[in-house]
Structure formats: C-alpha cells, structure tokens
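Terms are given with their cut-offs where they come up.

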Amino acid sequence: MSGGTDLEALVSRGYQHGFVTEIDSDTVPPGLDEALVRMISARKREPQFLLDWRLRAYRHWLTMTEPHWGHLRQHPIDYQAISYYSAPRPKGNAPKSLAEVDPKLLETYAKLGVPLHERARLAGVAVDAVFDSVSVATTFKERLAAAGVIFCPFSEAVQKHPELIERYLGTVVPYTDNFYATLNSAVFTDGSFVYVPRGVRCPMELSTYFRINAANTGQFERTLIIADAGSHVSYLEGCTAPMRDENQLHAAVVELVALDDAQIKYSTVQNWYPGDAQGRGGIYNFVTKRGECRGRNSRISWTQVETGSAITWKYPSCVLRGENSVGEFYSVATANNYQQADTGTKMIHIGANTRSTIVSKGISAGHGQNAYRGLVKIMPSAHGARNHTQCDSLLLGAGCGAHTYPYIETRNAGAIVEHEASTSRISEDQLFYCQQRGLGPEDAVNMIVGGFCREVFKELPMEFAVEAQALLAVTLEGAVG
Amino acid sequence: MSALERMLDEFASLSDQAGAQRQAAAQRLRIVGLPARGEDSWRYANLRALDQVRSFLPGAAGALPLPLPPALPGYLRLVLIDGRLHREHSSAEATTPDLLRGATALPELEAVSDQRLGLIASVFAADPLELVINAPLALEIVSLSSAAAPASYLNLALRVAPGVDCRLVERHLGGPEDLRLVCVRLGLTLAEGAIVHHQRLFAVSAQALLFDTLQAHLAAHAEYRLCQVAMGGSTARSTAEVRLQGVGATLDWQALAAGAGPQVNDTMLTVLHEAPATRSQQLFRGLSNQRAHVACNADTRVAAAARGARVTQSLRGLLDGAGAEVDLRPQLTIDTDDIQARHGATTGKLDEDLLFYLQARGLDLDAARALLKSAFLGEVLGSIEPEALRREAQRATALRLGDDALAEPWQ
Amino acid sequence: MSVPVLQVENLHVSVAGTPVLRGITLSVPAGEVHAIMGPNGSGKSTLAHVLAGRPGYEVTAGRAQFDGMNLLAMAPEARARAGLFLGFQYPVEIPGVNNAYLLKAALNARRRERGEPEIDAFDFLNAVRAQMRAMQMDENLLTRGVNEGFSGGEKKRNEILQMLVLEPRLALLDETDSGLDIDALRLVGHGINSLRSPQRSVVLVTHYQRLLEYVVPDRVHVLARGRILRSGDRELALELERRGYDWLLEEAAAA
C-alpha cells in the first residue's frame, strides 16, 4: 500500500474523469439493421470474408434472446436506441503522426491523464488510444516493429494482416457464443490487435486506454492477441468514462491465443462510472473474454480489479487445451452504493496435466451486491488436471450482499479440484488492533482491505498495482462506520 | 404423450378415489408442470428417465415383497408396502390414533425452492400419513417397494411438539430387479426447542427411479440432525429444503451419495437462514464408481435478518474409475454482514501418498484402497446410530459399490 | 511534582450491563513499572482494554488521565499516537498486511503526531532489524502477514517488538507472559527492561509471578472482583506466589 496516499485529497476527488469533449463527431443515428452492419464494414474498407462473418453474426443475433440471470436488476436495453458508430471527424486527411492529430483530441488525452508522448515514453509503454470507435494514434510502432511485434488497431490489422485475422478471429469466441458476443461480432468497430512472433519476449507492456464519449454510443471493441510459440506478452487494459445520465452499454470481446510455450498476461483495472450514489446512470459492462491455451506448456493469466460500472457481467475464461497448460484468474471486485457485480471465471480443462488457479476477492459495501460465479470443468481427457480456487468475500456494512456460486464438474478420476470460500466482515478486533497502533478508522479499513486483496494486487504490473490501490480506497469511501 | 400428460391422465382414471387435497395437487401439477432439463437446479438430474416409467399408478396393498430387516432395539416400527400402511407388521404403539393419523389433508409447508417432484407424491400417494409427536419417540419407518406395483409413493408429515426429542429412522428398501418409480415426500415441522435425529437409508433397486422430496421448518431453538445415505437408483434425485425460521434454530446435515455403473445420483439441499443466530453445518460425501454421475447442489441463503448466522459447507466427491463424474455446487447467498460462512468443495481420487503409506505398512493395494474409501464414507456412516443400522448402511454401500471389503467394520 | 503518566480515579466499567470494574483508583508515575495481578475474571484485562479505548465497554463513573489529558475522551488511535501502547493478550491476524508495513505506518503516525518527519525506509529497517535480533526473531517474519501463522509465543514476541520500535510513553501489557516457555519469557522480560527509562512507564497485567522475576515491578496491585484490594511492592507478588489469592479475597470479604 503506498504509504503516502493523502486520503483527504482522494476522498474529495470524486470522479475526476467526468467530462465530455466537445468535438465534431461523425455519429450515425441510432438503430441497428443489416444496412448498418454493411455500412460499418464499408467505412472500414473490410475484405469480403469479414463482412460475411459480421452478417452471419447479425442474422444469428436476431434469433437470440437477451440473457437475464444472476442477481442483476437491469433496466431493459433498447438496442434500437443506440448509435453504433461514432468517429471523430478528421480535419482533412487522417493523421500519420502525433503532430497531425487533432489538438483537441490530444487535449482529451491529457485530461485523461494520458499525455501520449510524455508519460508513455518515460514509462516505456506503447499506448494505443481508442477514442470512441476509431483509433487515433499509435506510438512506439518502431520499437515494436524492430522486435517483430505487431500492435495496432484492429481495423489496421484487418488491412495489413488479413490472413492473421481470418485464421484466428472467432476461434476462441465463436460468433454464436452468447448474446453480447454475437452482437459484438456484428457491429464491432475497433479494438487492439497484437501478434507476437515465435520466441519473442515483447519488449514492453502493451496498454490501451479507451472511453465512451458521445451519448448513446455503445462501445463494441474487439481485441485479438496471438502469442506465437515461445513468446511472452503482457497487456494492460484500463478504462475511464464520462458522467452520463443514461446507461451506456459496453459489450466487448477479447480473444487470446497462446501457442506452444507461449505466455499471455492480461491485466485490467476497470474504472467505469459506477452510477451516482443512488445508482443512476452507470455503465453496463458485458464483456466476453476468453483465452485459449492452444499449445503445450502455454499459460494465460487474467488479472483484474473491477471498481465501477453499474452492472458488470464478465467471466474471463481459459480453455486449457494444450498439455501442461496453465490458466490463472486473479480478481478483486468491489460493489459499493447500488452497484452490482456478477463476475467470475471459467476454467475448462481439456488437455492432460493442465492446471488452473483462481483467486477471487469480493468486497461489498453500501447496498452493493457482489457475486462470484465460476465454472471449473474437467473433461474426461484431462488426466492429472489440477485446480485450486480461493474465493473470499468481505462485507463492509449491513446493507450489502456477497454471494458465491461455483460450479465444479469433474469427469476425470485422476483430476483434483479444490475450492474454498469464506465470507465475513472486518472483525472489530482487527480494526481495534490497527487503531491501537495509531491508524485512524479509514486508514485501518483501507489497510485491511488492501491486505485482503494483496494476493491479487501482487499479480498486477507495478504501476497498475499503485493505481488499483488508490482506486479501491476511493471506491470504498464512505463505507467505513 | 409427455410424462406429465400421462401422469395427469392416469390420475384422472382414479380421481374419484382421491380426496380434495390430492385433487388440488393434481391441479397444481397441471399448472406448474415438471422441471425441465435446462433449468439450473435440475442440471444434473436425469429427468428424461420419467419418460420410461410405464405407469404412474400406485400399487394395491400387497404382501411383504422381501423379508423385513430385524427391528431396531428401542424403536417402534411402522411398515409400509408400496406406500400403504401395513398394520400387522407395525408396532401397535406406532399406529395409535394420537400418534398416527391417516390424513386426508396434510399440512402444507410453504416452499421457496422447487418442490415439484414432491407434488407427484402428493397426487398419487394413496395413504398420506401424519405423525403428531408430543412425547419423546424412537420410530423406525420401513418402506418397501415391490415388483407387484408399477410405482410406490409415500406422503408423510411430521409435527414435533415444543421441546420434544424424537429419533426417526427411515429405510427405503426394494428388491434387486425392480424398475419402477419410488416417490417420497416428507414434511417436518419442528416447534420451539424440538430436536429431531433423522436417519434415512435409501437402498432401493439399482434400476429404480427414486425421487425424494423433503421439507423442514424449524422454530426457535429447534435442532434438526439429518443423516442421509443414498445408494440412488438408475436415476435418483433427493431434494430437500430446510427453513431456519426461529432464533437459534440449527441444522446438522450429512449426506452420503454413492453411484456405480450408469447411475445418476443427484442431491439438492436448500437451507434458508431466516432468523438471527441460526447455524447450519452441511457435509456431503459422494463416491462415483465407474460411469456413475454423482452431484450435489447445496444452496444456502442467509437473509438480512439472519444476523449472527454461522454456516459451514463441506462437499467432497471421490471419483473411482473411467467415466466417473462428480459435480458439486456449494452456493452461498449472503445478505447480512454479521456472518461467518465457509465452504469447501473438493473432487479427486484417493490420496496417493496415503495409499503408499498403507502399502508401506503391509496392506496390499486393494485393501489400502478399500480402507481409504471406507474412511471417506465413514465420515457420514460413522455417525449412524444404532450400530445395527450403521452396519446395514455399510453393507448396502458396499453392495452398491461392488466392493465387499467396504462392508467390513474398519473402526 | 510532575503529573503522573497515568492517573485513574474511581473508574467504574460495565460490559453488556454487568459491572466489571467497581471503582479503580491507580496512579503510575513516569519511569515506574507497575504490576496488576489477580485471579481470572477479576477485570484486569478489562482495565487495560478500557484504557486503550476498545469498544464494547461502558464507563459508568470515574475518569482516567494520560499525561494530564482526558484519556477516555480520546479515540483509540489518538491515544496510541499520544504514546499509549497496548500489548494484546490475543494478538489478531491480519492476512495480506505485512508486519513491516503495519509497524512503519504506526511509527509514522506517532512521528507525525510529534511533528517529526516520516521515517526513512532504510532507517526503519535498520531499527527494526536491531530489535528483532534482540528478540531473537527471524527477519523473514517481517514480510509475513501480521501475526499470520505465528505461534502463540511468536505473537507475544511480536507485540514486544512493536513496543520496542514504537517507544511508547505508557505500555500496557495484557498477560504478555501467558503461554510462553522459559526462553521466550526471558526474551520478553529483557525486551521490557530495555525500555525502562525515567520517561516511560509500564503496566504489566499478569496472573503469575514468573514475568516479575525478570521485570521487577516498583508497585504491585491486586485486582479482584473489580476492585484493587491491596497494593504493595514486589514482596506482595512473592506472597501471592506462596499463598495464592484466596487469603486476600477472604480478608476483603470480611472487611
């Protein structure tokens, strides 16, 4: 825990990213039909195979019904009232370098705390900023290009590496997978694409910032990360969004593919607007994230800190196909005020000697509802598979709820699955102990909560870990006493 | 015709013999229907098996289909054959009218979870019985199903008066060749301070379809200790709901489910903590041999009013042999912060280190495996009283698992 | 004449409506070590907890002053920052929060209170290491969670370690000797003695005489049935060792 955090400043900070950029957006009127799907594909000049894929997905979507399950109370979403495309209108031709980017956009990035040039360069992080539906600038392409790593907006990858897209897109999350993934497959506008060649350790952590701007613009990113044999990559995802009155929809799809001996680490610190203290107007966050350990000895780790969004519905999952492959899931999810979190993971063991580790820490405060929903499935072929799951819930205050819904399905007699869960509140004894050592009640709670989450925080890349700690403290403000 | 339609059709053919409550149950069944495979709490139950039942009609009163087990010392006995009370073989004191009433209208216990399979028993049980327990009692209910009847139903209600301590043993037995439906419904109401020790042994035929539905409502400071040993059938589903409605009510639930060959043995327990200072302890041990599918769903819900609740769940499954499947769902829904709740669930095989240890002490592999399995099953079997019952449970388990060594007393 | 570090006057305390302390009067001058002994259930721990500010205790009458400040009006952390240390009888575990972190936070809270700058990480580690060596505690305990997986003896030594690093004005040690073997007892005694100075005071709450072999008290008070029945010097402790508590209780009952 960063000892020098000034809690007063944090507490009064409120939600600092609440603002809207006045910019000329090329926004399509709301509504969804086949013509819109064709229009999106045409504007992005996509090859035929991709348009065909989108159309198959759209037609399939029409046959599906919106899922309603878990503990979630959601306002009905009117899919015809959402605008599916919004690109900032470029002045003249598209910018080829940072210097050519619309200055107002750069100012937006500065407000977001992402001075693309300065901070990114110092930290050595390449930033692919997705502004609404079009990626504006990508830096450090040269350094990555030298290593052979491709890191670019998805739409650019479609133009430059269509064969990779065609080979891998939809192979981990098929367009039929679930309602939101199918919708995404039809109308996704952009996202990140990463390809790390054989034996290459990506020289820096890759990161992306994005936000939703124009009202009623759903955000449908598509991200595809491929780690070829023997490669390593670490990817960070962090989001902010402005204050809005109406709920906004975020239905992204992330696909990860790890081939033999490859490793992918995907970290998320989510800071969506959570709705005001009465629960009005937050972000609906329905995300399908799945990684496939396709190769032997491959590894995929998901690490996430979720503090925000009115409704979170996401289950980053691993399909452990390759022998000896490893899937990991580390998560801290908080639900304060009237937030509802329904998160968890699925670990599907197919190959022999596959291993999975799940550490889920849920913190509920105010009238928040936090549910863990996980599946560990051991297929008959998964000889010697191992899973260990630890799910702990912490309740701060009498009005919140903490729920655990694991599914353990074992079909191989040689596999071992262990699941443990506990639910409690911070004990008065622990609080008093800290106070007797001189810590005020807020600091004591933050420290104990930090300790509760430590196993997850230590999996995050350093700078994210610091941001995550601060985020947690602000999210839980007012939950003490 | 679907199973539901056939059921309602067959009921219509004998409805003039059935009382108002049974008619009402049939109406309800018509409206709510039967659970469908896709529903979350029926995920592991093999409900298609209902389509294979030839007839849902209860059998007529008949003779003893198998020899009765020896009586348990100190226990009164009630004998039912295919759901009908058999007075000659029952203890006179057990059939006195102040204890046992043939009831046309059994008390209805309000349920939160899905009790639809119990409705079938409400519709078809020809001899619904009510036990009113006002004084300490040790009672054994032996329920036999015979080849003569296509289906066997039991619909039983128990009311235990305040402060009364009651020991109840339930044995459901059937011959080896029977392919039929055995459908049991039990409703217990424990008044303030009542204590019930309930032991249930299900050892019907391996071909039977066994659906057992139980509801228990506990008032303040009531204690319900339930120990259930289920050998299953070709398809078996045990559904229980326990509501801790009064301050300080406690539940101690232990269940053993075994399966061998192509069987499905599915156990669902819903525990509702509705009042302060309630406690529940839930322990499940399942063993799946060969291609059997053993599942346990333990759904515990703690309401905001249930301050000071204590919950522990321990679900363990052992898989033995190719094709074995175990599914566990320990679920906790918690709406109060004044709680201590833990659950643990594990599936796996016998510990190799322990096996080696035993071998290093001179046991051959088979004996070592049998010993560890016995120890595993013993966590539930060991608490069964009296000893005669425990031995019988052990033998039934050994028989079902096809492993004679398990029948040996190991303690 | 300087104000005593701790001045308790006619303190009455109830727990869940039941009176536990029935008029405690106690004065601990600076530089002295006082022992509070008594049979189990006498209220010794209650006194320590009330002075430290643990919730769940109701003060029904009386007052307590710490260096002249109204102690009972201060929040627990304020008492701590002013230099009051409670060595817990049952130290809690705080998983995921490492011992070093808590200690540093506590030390900095003290220093901020005194208007001093926060301690440098390097200096902190050096100071702590030195004390750990003195308490014969393995350094790797620093990186473990607070008291996590510690044996009973390790927990008590950890309390003393914290005390040594925090250098309190008044240390209230609640049955610090319970559950310790001979060696641990000696180390704990040594640690407490190393803190003795004209500026510091220690109150040892204990049932047995053993610790007092190592930490010789200036005054001994016997607390039983919520009252201080007798005060004396260390000879009183020896007499209790020989005769037990009954004779005192009978005398008090007769009076």
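## Helix H3 of chain A

What span should the 15 residues of helix H3 (residues 48-62) of chain A have at 1.5 Å a residue, and how far apart are its end C-alpha atoms? The expected span, defined as 1.5 Å times one less than the number of residues, is 21 Å, and the end C-alpha atoms are 21 Å apart, which agrees. The model is predicted, so local features need pLDDT of at least 70 and side-chain atom pairs count only at pLDDT 80 or more, whereas totals for chains, interfaces and linings use all residues. Residues are numbered from 1 along each chain as its sequence is written, and chains are lettered from A and ligands numbered from 1 in the order in which they are written. Helices (H or I, at least four residues) and strands (E, at least two) are DSSP runs numbered from the N terminus.

Arg54(A), Ala57(A), Tyr58(A) and Trp61(A) of H3(A) are buried. They cover an arc of only 100° around the axis, which puts them on the same side of H3(A); the arc is that of the directions from the helix axis to the C-beta atoms. An α-helix has 3.6 residues a turn, so residues three or four places apart point the same way. On the other side of H3(A), Gln48(A) and Asp52(A) are exposed. Here buried stands for 20 or more other C-beta atoms within 10 Å of a residue's own, exposed for 12 or fewer, and partly exposed for values in between, with C-beta atoms placed from the backbone. The cover over the buried residues of H3(A) includes helix H2 (34-43) and helix H9 (179-187) of chain A.

## Contact between chains A and C

Counting two residues as in contact if their C-beta atoms, placed from the backbone, lie within 7 Å, 22 residues of chain A are in contact with 23 residues of chain C. Helix H10 (428-436) and helix H11 (441-457) of chain A are the elements that give two or more residues to this side of chain A, and H11(A) gives the most, with 8 residues.

## Chain B as a whole

Chain B holds 6 helices and 19 strands. Its radius of gyration, taken over C-alpha atoms, is 21 Å, close to the 22 Å that the globule rule gives for 411 residues, so chain B is as compact as a globular protein of that length; the rule is 2.2 Å times the number of residues to the power 0.38. Buried residues make up 52% of the 411 residues in chain B.
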